[in-house]
Each structure stands twice: as structure tokens, then as C-alpha cells.
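Hi,

Here is the structure I promised to pass on. Have a look first, and then read on for what turned up in it.

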Amino acid sequence: MLNTAIKAARRAATVINRASFDLDRIVVSEKQHNDFVTDVDQASEQAIVETLLKAYPDHAILGEESGPSRNLNDDSEYVWIIDPIDGTTNFLHGYPNYCISIALQHKGVITQAVIYDPVRNDLFTATKGAGAYLNDKRIRVRNHDRIGKALIAAGHGPDPRALAEYLRMYEVVASRCHGVRSSGSAALELANVAAGRVDAYFEKGLKIWDIAAGSLLVTEAGGIVGEFNGESSYLNKGDIIAAGPKVFAQMIPLMVPFA
């Protein structure tokens with residue numbers, strides 16, 4: 001199943017890379033304020049879905065652009081959760097920070113994860129219970145003992161109210177850590193936590209396709225993922241902290257007021 005997801009991600013990357021050479025020809029629609037979808041997102045998702053269903057025709061699909069498949073319900077045993085381009089705004093502007101995110105949920109638990117960065121050719125993979133990998137090399141979260149040593153990633157949604165709340169959270173966190181970075185791709189930020197490139201990541205109001213694959217990467221790399229109050233319903237609520245165990249524990253008191 002993981003190999004099928006990798007094959008699907010690479011097919012989608014071919015679509016995305018081809019389009020990246022002529023951004024002016026991309027057809028863009030605005031779903032809501034500052035939230036865009038392109039014909040490339042849709043073509044990427046189609047390539048992924050076709051690859052997955054060719055191998056597993058009975059599996060259900062939950063895609064950011066196509067939505068739930070007809071066979072998706074509470075009894076669905078296998079559900080593929082897809083974000084065909086996480087970081088569409090970055091992609092539209094030629095800013096090289098976006099990725100493809102594919103996760104498999106089995107009986108409500110994320111068991112397989114692929115995040116593929118087509119710009120850097122970085123392939124992040126994880127299987128539940130078998131560790132997390134970057135280009136076939138085992139990765140681990142960085143586990144600083146103090147938040148003051150930590151480089152922390154963050155993000156905010158397109159809603160102006162989300163921006164206002166993010167700025168308050170930024171002030172709280174930035175005053176206590178080594179630095180805060182925002183790149184515009186939740187999935188890639190979670191992959192970066194898993195790979196030890198940043199020490200933590202937080203954001204509010206995400207969708208399940210933004211975080212499903214990345215959350216498994218982090219936990220398989222030895223990190224912790226939770227809501228702002230430390231609870232574990234982040235896939236449904238969309239508020240997330242991901243970090244090494246020690247920094248995670250120090251993040252919770254800072255984030256609880258925003259839960």
C-alpha cells in the first residue's frame with residue numbers, strides 16, 4: 001500500500017512539475033478569500049485517485065478537491081486522504097515550498113503516509129509501527145530540552161480572523177523560542193518536524209488532508225502530535241501541535257489559552 005501511494009505521488013508530481021514551467025497558463029478559482037484551487041490541483045488529484053483505485057478499487061477516497069467518494073461512510077475500512085498540492089498559493093507564485101500529501105486510514109487509524117516535495121525530490125514515508133523515512137533514510141525528531149533552543153514553524157488560514165489570532169499566538173511563542181518560521185504548507189512543516197529540520201509546528205483550523213500524513217510521520221519519528229490542550233482529536237478539530245516530547249510539553253501551556 002505504501003508503494004502504491006509513492007507511485008501515486010510521483011505521478012502527481014509529473015503533472016505539477018510540467019505545469020510549474022508555465023504558471024501563467026494555470027486556471028485559478030478562489031474557493032474563499034485567499035484560498036485558491038487550480039486546474040493543476042484537480043489534475044494532480046485525478047492522477048493520484050486513478051493510481052490508488054487501480055490497485056484498490058474497493059477503497060474509499062477523501063480528497064481536498066474531489067471530496068468524499070460515494071463509498072465513503074462510517075463503515076469504510078480503508079480511506080485514502082489526499083491533498084494534491086499542499087501549498088497551492090506558493091505554487092501559483094513560483095515559491096518552491098509545496099508538496100503532495102497522501103495518507104491511508106484503516107479503521108479510523110492513519111497507517112500509511114507519503115509526503116512528496118517535487119521541488120527538492122524529497123520523499124517522506126511512514127508506516128505505523130515501522131518508523132519514518134526521508135529518501136529511505138530513517139529520520140527522528142529533534143528533542144531539545146528547552147523551548148528556548150527551539151526553531152518553531154507555524155501557519156494560519158486565509159480567514160482574516162485566523163490571522164489576528166495567529167499574530168497573538170506568534171507573539172507568545174516567538175518571545176520564548178529561538179525563532180518562528182511560516183512557509184505556507186502544513187504537510188511540509190510536519191515532515192520537517194519529523195526530519196528534525198524544525199523543532200515544533202503549530203496551527204489552527206486545518207483540514208484532515210493537511211495533517212493526516214504528516215501526523216504519522218511525526219509520531220513514527222518519535223514526536224508527539226496533539227491539540228492545543230494536548231488531547232488527541234486533532235484530525236477532527238484541526239488544531240495541532242507537533243514536536244519532540246520535551247518541547248511539546250512546554251508548548252501546551254502556551255497554546256491552551258487559544259484552544
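A quick word on terms: helices (H or I, at least four residues) and strands (E, at least two) are DSSP runs, numbered from the N terminus. With that in hand, take Lys107, which sits in the loop between strand 6 (99-106) and strand 7 (109-117). Lys107 is not a glycine, yet its phi is positive, at about 55 degrees. Lys107 is also exposed, with a relative accessible area of 62%. For that wording, buried means under 20% relative accessible area, exposed means over 50%, and partly exposed is in between (1.4 Å probe, protein chains only).

Before going further, please keep in mind that this is a predicted model, where local features need pLDDT of at least 70 and side-chain atom pairs count only at pLDDT 80 or more, while totals for chains, interfaces and linings use all residues. Residues are numbered from 1 along each chain as its sequence is written, and side-chain values use heavy atoms, with hydrogens and water left out.

Asn135 has a positive phi too, near 50 degrees, and is a residue other than glycine. You'll find Asn135 in the loop between strand 9 (132-134) and strand 10 (137-138). Its relative accessible area is 39%, so Asn135 counts as partly exposed.

Now the overall picture. The protein has eight helices and 15 strands. Its C-alpha trace spans about 45 × 40 × 35 Å along the principal axes. The radius of gyration is 17 Å, which agrees with the value near 18 Å that a compact globule of 259 residues would have. That radius is taken over C-alpha atoms, and the globule rule is 2.2 Å times the number of residues to the power 0.38. Of the 259 residues, 53% are buried. As for contacts (heavy atoms within 4.5 Å), among those between residues at least 6 apart in sequence, 62% join residues at least 24 apart.

Next, the charges. There are 26 positive and 31 negative side chains; Lys and Arg count as positive and Asp and Glu as negative, with His and the chain ends not counted. Side chains of opposite charge can pair when their charged atoms come close. How many salt bridges does a search of the whole structure find? The search gives eight, a salt bridge being a side-chain nitrogen of Lys or Arg within 4 Å of a carboxyl oxygen of Asp or Glu.

Here are some of them:

- Asp117 pairs with Arg120, with the closest N and O atoms 2.7 Å apart. Asp117 is buried at 2% relative accessibility, whereas Arg120 is partly exposed at 42%.
- Asp145 meets Lys149 at 3.2 Å, N to O. Asp145 is partly exposed at 41%, and Lys149 is partly exposed at 37%.
- Glu165 pairs with Lys204, with the closest N and O atoms 3.5 Å apart. This pair links distant parts of the chain, 39 residues apart: Glu165 is in helix 4 (residues 160-174), and Lys204 is in the loop between strand 13 (200-203) and helix 6 (208-220). Lys204 is partly exposed at 21%.

Is Ala243 buried or exposed? Its relative accessible area is 0%, so Ala243 is buried. Not counting residues up to four places away in sequence, Ala243 touches Val193, Asp199, Ala200, Val218, Gly223, Ile224 and Phe248. His59, by contrast, is 184 residues from Ala243 in sequence and 32 Å from Ala243 in space, C-alpha to C-alpha.

Cheers

Key. Charge placed at Lys NZ, Arg CZ, Asp CG, Glu CD.
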